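Thanks for asking me to look this one over. Here are my notes, point by point, with the model first.

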Amino acid sequence: MKYGIVGATGRVGKLLVKILKEENEKIGAVMFNGKQTINFDSDTIITNDAEELLKNCDIAIDFSAPIATENLLEAAIKNPKPLVIATTGLNEHQKNLMIEASKKCPILYATNMSLGIAILNKLVAMVSEKLRDFDIEITEQHHRYKVDAPSGTALTLAESCAKARGLNLKDVIVTGRSGHVGPRSKDEIGVFAIRGGDVVGRHTVGFYNDGEFLELHHTATSRETFARGAIKVAKWLINQKPGLYSINDALGL
Ligand SMILES: NC(=O)C1=CN([C@@H]2O[C@H](COP(=O)(O)OP(=O)(O)OC[C@H]3O[C@@H](n4cnc5c(N)ncnc54)[C@H](OP(=O)(O)O)[C@@H]3O)[C@@H](O)[C@H]2O)C=CC1
Ligand SMILES: O=C(O)C1=N[C@H](C(=O)O)C[C@H](O)C1
């Protein structure tokens with residue numbers, strides 16, 4: 001099958017291209033914003049047009065920016081192709097567009113393509129439900145270049161915790177504290193971002209009570225984890241019917 005890579009010049013996109021080449025896979029087309037910093041094979045179409053990208057691939061993998069994902073989804077509604085979407089920081093309109101596009105083509109959306117985070121989402125849901133009285137605080141650390149905060153992964157982890165307690169995350173999320181904020185309310189879920197250096201990605205979900213606390217950590221030590229995870233789910237997604245899938249569907253979790 002021929003891959004289309006959205007964000008091919010990015011930190012993860014470059015690794016996707018490298019790994020696919022090493023595995024002798026075909027890259028039909030690549031899309032980025034215009035700043036080309038790597039060379040592509042002569043039979044790979046280079047474009048900034050999502051429609052052209054989709055015409056020249058069998059499946060697209062997207063690690064880019066919300067506006068590029070939006071363009072991709074709009075193009076997929078006209079020219080449906082399976083999509084693996086990993087871009088974070090999507091707004092409500094972009095998420096709704098994904099739902100609309102998934103009626104025409106299979107789409108897998110995951111804010112984190114690592115197996116460890118997929119398992120962590122399961123663990124935190126279980127702990128959140130069992131330790132009902134514990135306060136939940138999530139912290140995430142990423143490299144200095146990350147543009148969205150909190151990370152998509154942290155928001156998904158918070159969603160898993162809230163859902164397990166029958167709460168709506170929008171009602172309980174707290175993403176910053178400063179000044180006279182008063183005591184912590186029982187249900188709030190704190191989500192905090194640290195940015196610096198070259199941290200690939202570290203997430204901690206803490207459950208705090210009087211006399212004890214439990215912290216679950218996940219650390220990504222290489223971006224290859226995300227790239228390899230996306231290729232793995234792409235190989236599963238290509239055989240699926242239209243619909244919106246999660247990484248759990250692809251990994252059978
Ligand atoms: N789900 C997951 O497992 C993971 C998700 N991510 C997410 O993936 C995304 C990309 O991360 P990262 O690789 O670090 O980012 P980079 O900033 O390194 O790369 C972004 C890529 O997107 C391209 N791009 C940006 N804007 C546009 C546009 N308007 N049209 C077309 N292409 C565009 C850039 O092109 P150019 O070079 O020309 O500017 C570049 O190729 C982020 O949202 C990040 O949070 C990251 C890691 C793991
Ligand atoms: O931008 C990144 O780097 C990452 N983004 C994803 C997120 O926002 O959760 C996944 C990973 O943590 C790296």
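1. A word on terms before the ligands: helices (H or I, at least four residues) and strands (E, at least two) are DSSP runs, numbered from the N terminus. The model is predicted, so local features need pLDDT of at least 70 and side-chain atom pairs count only at pLDDT 80 or more, while totals for chains, interfaces and linings use all residues. Residues are numbered from 1 along each chain as its sequence is written, chains are lettered from A and ligands numbered from 1 in the order in which they are written, and side-chain values use heavy atoms, with hydrogens and water left out.

2. Ligand 1 is surrounded by 27 residues (near means that a heavy atom of the residue lies within 4 Å). The closest are Thr9, Arg11, Asn33, Thr88 and Met113. Helices α1 (11-22) and α3 (66-78) each give at least two residues to this shell. Its classes are 12 nonpolar, 11 polar and 4 charged; here Ala, Val, Leu, Ile, Met, Phe, Trp, Tyr, Cys and Pro count as nonpolar, Asp, Glu, Lys and Arg as charged, and the others, Gly among them, as polar.

3. A nitrogen atom of the ligand is 3.4 Å from a polar side-chain atom of Asn48. The protein covers 83% of the 930 Å² of accessible area that ligand 1 has on its own (Shrake-Rupley method, 1.4 Å probe).

4. Around ligand 2 there are 13 residues, with His142, His143, Lys146, Gly152 and Thr153 the closest. That shell holds 2 nonpolar, 9 polar and 2 charged residues. Oxygen atoms of ligand 2 lie 2.8 Å from a polar side-chain atom of His143 and 2.9 Å from a backbone N or O atom of Gly152. Of the 320 Å² of accessible area that ligand 2 has on its own, the protein covers 85%.

5. Now the sheet: 7 strands form an open sheet in the order β3-β2-β1-β4-β5-β6-β12, with parallel pairing (two strands pair if DSSP finds at least two bridges between them). At its edges, β3 (45-47) and β12 (243-245) each pair on one side only. Strand β2 (residues 26-31) is joined to β3 by 3 bridges, and Met31 stands opposite Thr47 in β3.

Technical notes: Polar contact = N/O pair within 3.5 Å; in protein donor to acceptor, adjacent residues only side chain to side chain.
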